[in-house]
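I opened the notebook to record what I looked up in this model, entry by entry.

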Amino acid sequence: MPKFYCDYCDTYLTHDSPSVRKTHCSGRKHKENVKDYYQKWMEEQAQSLIDKTTAAFQQGKIPPTPFSAPPPAGAMIPPPPSLPGPPRPGMMPAPHMGGPPPPGMMPVGPAPGMRPPMGGHMPMMPGPPMMRPPARPMMVPTRPGMTRPDR
């Protein structure tokens, strides 16, 4: 009877049947071996990239830093988009990320990733009153023979 060799585990399975392969491949040891194999492969790839980059730098193919030399007279380097500042022509201002809201903007509803309290309603927030739901249900046009929701 033919045997199946698992490259990840470096072992032969006693039988070459789908059920034996499935059992082996779903085992803890096999999964660890697969994870270790690809982890080692990724580390080798990263080290290879580091070695190539280092060799190119030592040969002078890569400048030490992009900002090591002063810019030519009259040339301005724009700030990265993550820094606050006036919007550049043709650019939308960056959305406000983190920290308190800018003046004049009140947060509405829970913060991203947060749920409202178990009661289902948010605590009152200071500031201008917001639109409240109508005191009575709105009148909904009905067809003859249908009951209306407020009766």
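Where is the place of Y37? I found Y37 in helix α2, which covers residues 28–58; helices here are DSSP runs of H or I with at least four residues, strands are runs of E with at least two, and both are numbered from the N terminus.

I noted that this is a predicted model, in which local features need pLDDT of at least 70 and side-chain atom pairs count only at pLDDT 80 or more, while totals for chains, interfaces and linings use all residues. Residues are numbered from 1 along each chain as its sequence is written, and side-chain values use heavy atoms, with hydrogens and water left out.

I then looked up the exposure of Y37, which counts as partly exposed because its relative accessibility is 45% (buried is under 20% relative accessible area, exposed over 50%, partly exposed in between, with a 1.4 Å probe and protein chains only). The C-alpha atoms of Y37 and Y8 are separated by 7.0 Å, although the two residues are 29 apart along the chain.

Next I turned to H24, which has its place in helix α1, residues 18–25. H24 is buried, since its relative accessible area is 17%. The side chains of H24 and H30 are joined by a polar contact of 3.2 Å (a pair of N or O atoms within 3.5 Å; within protein, one must be able to donate a hydrogen and the other to accept it, and residues adjacent in sequence count only if both atoms are side-chain atoms). Leaving aside neighbours within four places in sequence, I listed C6, C9, T11, L13 and H30 as in contact with H24, contact meaning heavy atoms within 4.5 Å.
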